Amino acid sequence: MSKRELTHQVKSNLWFTPVLYVFVSIILLTLALNGDLNFDLGNKMRPHFTVDYDLTLSILSILTAATLTITIFTFNLILVVFTTFSGQFSPRILKNFIASKATQRVLGIFTGSFIYVLLSLFFINKRITEYYFAVPITATFLAIFSMATFIFFINHAVAWLQVNQMTDDMKKEALGIVKGTLKNELDIYKVKDFNDTNSDIRNGKGIQIKAGSPGYIQLVDFISMIEEAQKDDITIKLEHTIGSYVFETTPLLTFWQKHENSIDEDKYLAFFSVRKKQTEVQDIEFSINKLVEVAIRALGNYDPKTATTAIYQVGEILVSISQVTNFSNYLVDDENNLRLILQKRDFNHYLYNGLGYIRHYAKDNVIVSTDILKVLDLMAKSLHPRDYPSVWDFAIHTALGFENLFLFEQDSQQFYLALYNLATTTDNLEDYEKFLKKI
């Protein structure tokens, strides 16, 4: 497992942060016991800040039960949130709530506090010292802190159940993938003009490397692959993209070489992470699909406002994709020689995967479809001009499905006004007039 995968795995699991807090609580308990048992802080702090053994035992016993109760209640609340998310939105967005730093820290605080008071009961000893200071005082402050944390967690869960907060978090996740994968990893190697030294060789049949195991392509180490391809002087073509499902015998890549030297195929297989489920580490389409599912579920639950919110978030992601990448599928090394050929992905591909499914499920909903046109117009004001044809073509195909479905005149007016505004933004007024004549 690569460092990037390990980081994602850690962030998406509930156990890692609580374990860290447990270690912190053990260190805190060690310091407190050392102060009370070895340095006799209880007797030194008398009479105002000292606590006798019996009261210390009572405090720790009560706090142990109370902390365990509040921890169980918090886990129960998380399960309620999970159930709500799965039924109303999408089971794939549960990981976002789990990966939230607030959720993990709250559970870490509760778990650490419980471990502290529980272990304290085992180590306090009346025969060693009659009075305690550090252990009960620390336990009391942890209990107060846990109560404040519980109130914070209630507010956090309620806030996360709000559609705007939930979709905004998913949007930020997708924007992070756009910046990390498309811009920082790939765009520095993407070019349109390069020295295709192996163009003649690639006319022949290349050597294919098969996946070896079934699953989804979660991660590809593009940078290391380009560096090794330069060393071996080969050109590689990826047969599938991140997020694709492959079988054991599915070719992952094809490479061409000018010499007869043997190539270590296992070395290139190691640059791929093929596992049983999709993740958001590099898969921008999977991340966008979460918002798409929210919009589709909202349409099915007769909640157009939620659908519209998700549509606007998808639109912002598409704008970011248009701005940060040139959509070239050719990657070169530092000597400008072609080393890696990706699957072709243009803006039209991302636009369809982002809004195409929503358009399909909203085909009988004029108001939501009008919102889609408004989002396209808002997007077009920030898109790269090269992507205007894709946006306009998408809008025209959306409008073709509503020739005879307008129930009210105002529906028609709002719909065609949104289409007109988009035509103005993308400089397609002439095509807009032709479209009106056809209908």
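Two exercises with worked solutions follow.

This is a predicted model, in which local features need pLDDT of at least 70, side-chain atom pairs count only at pLDDT 80 or more, and totals for chains, interfaces and linings use all residues. Residues are numbered from 1 along each chain as its sequence is written, and side-chain values use heavy atoms, leaving out hydrogens and water.

**Exercise 1.** Find the salt bridges in which Arg-339 meets Asp-233 and Asp-333.

*Solution.* 
Step 1: Recall the rule: a salt bridge is a side-chain nitrogen of Lys or Arg within 4 Å of a carboxyl oxygen of Asp or Glu.
Step 2: Check Arg-339 with Asp-233: N to O is 3.2 Å. This pair links distant parts of the chain, 106 residues apart, with Arg-339 in strand E10 and Asp-233 in the loop between H9 and E5. Helices (H or I, at least four residues) and strands (E, at least two) are DSSP runs, numbered from the N terminus.
Step 3: Check Asp-333 with Arg-339: N to O is 2.8 Å.
Step 4: Is Arg-339 buried or exposed? Buried means under 20% relative accessible area, exposed over 50%, and partly exposed in between (1.4 Å probe, protein chains only). Arg-339 has 3%, so Arg-339 is buried.
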